[in-house]
Amino acid sequence: MAKTQLNVRVDEGTARAARERALARGMSVNRYIEELVRQDTGEVGHTFVEAAADFMKQYEAVFAEEFDGGAPARAKPRVGEDREGARKQRSEGRH
């Protein structure tokens with residue numbers, strides 16, 4: 001991807017914070033600001049969601065086998081309640 005130079009003016013406190021944050025992340029100030037803009041525009045979030053969806057597709061069979069052989073997840077009992085108690089409450093219409 002071609003790069004375009006962008007010059008911005010910020011106060012000294014903002015510049016200092018940008019340098020410190022970039023250094024803490026082990027990247028240049030340019031890269032740090034570029035990533036902030038990408039996050040702000042949703043590009044990073046969109047990429048994450050796509051990667052997560054790909055991961056789930058790739059391991060779908062593993063998850064299905066691990067969790068009840070592919071059956072839908074069951075509701076967990078509330079604290080201090082066993083599954084039978086939860087099932088009884090649901091059948092009696094109490095939640």
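Biologist: How much accessible surface does the protein have, and what share belongs to carbon and sulfur atoms?
Modeller: About 8,800 Å², with 54% belonging to carbon and sulfur atoms; that's Shrake-Rupley with a 1.4 Å probe. This is a predicted model, where local features need pLDDT of at least 70, side-chain atom pairs count only at pLDDT 80 or more, and totals for chains, interfaces and linings use all residues. Residues are numbered from 1 along each chain as its sequence is written, and side-chain values use heavy atoms, leaving out hydrogens and water.

Biologist: OK, how many helices and strands?
Modeller: Five helices and zero strands, going by DSSP runs (H or I, at least four residues, for helices; E, at least two, for strands; numbered from the N terminus).

Biologist: And what percentage of the residues is buried?
Modeller: Buried ones make up 5% of the 95 residues. Buried means under 20% relative accessible area, using a 1.4 Å probe and protein chains only.

Biologist: Let's pick A22. Where is it found?
Modeller: A22 sits in helix α1.

Biologist: Is A22 buried or exposed?
Modeller: A22 is buried, as its relative accessible area is 1%.

Biologist: What is A22 in contact with, leaving aside neighbours within four places in sequence?
Modeller: M27, S28, V29 and Y32, where contact means heavy atoms within 4.5 Å. Take Y32: ten residues along the chain from A22, yet their C-alpha atoms are separated by 5.5 Å.

Definitions and conventions. Buried means under 20% relative accessible area, exposed over 50%, partly exposed in between (1.4 Å probe, protein chains only).
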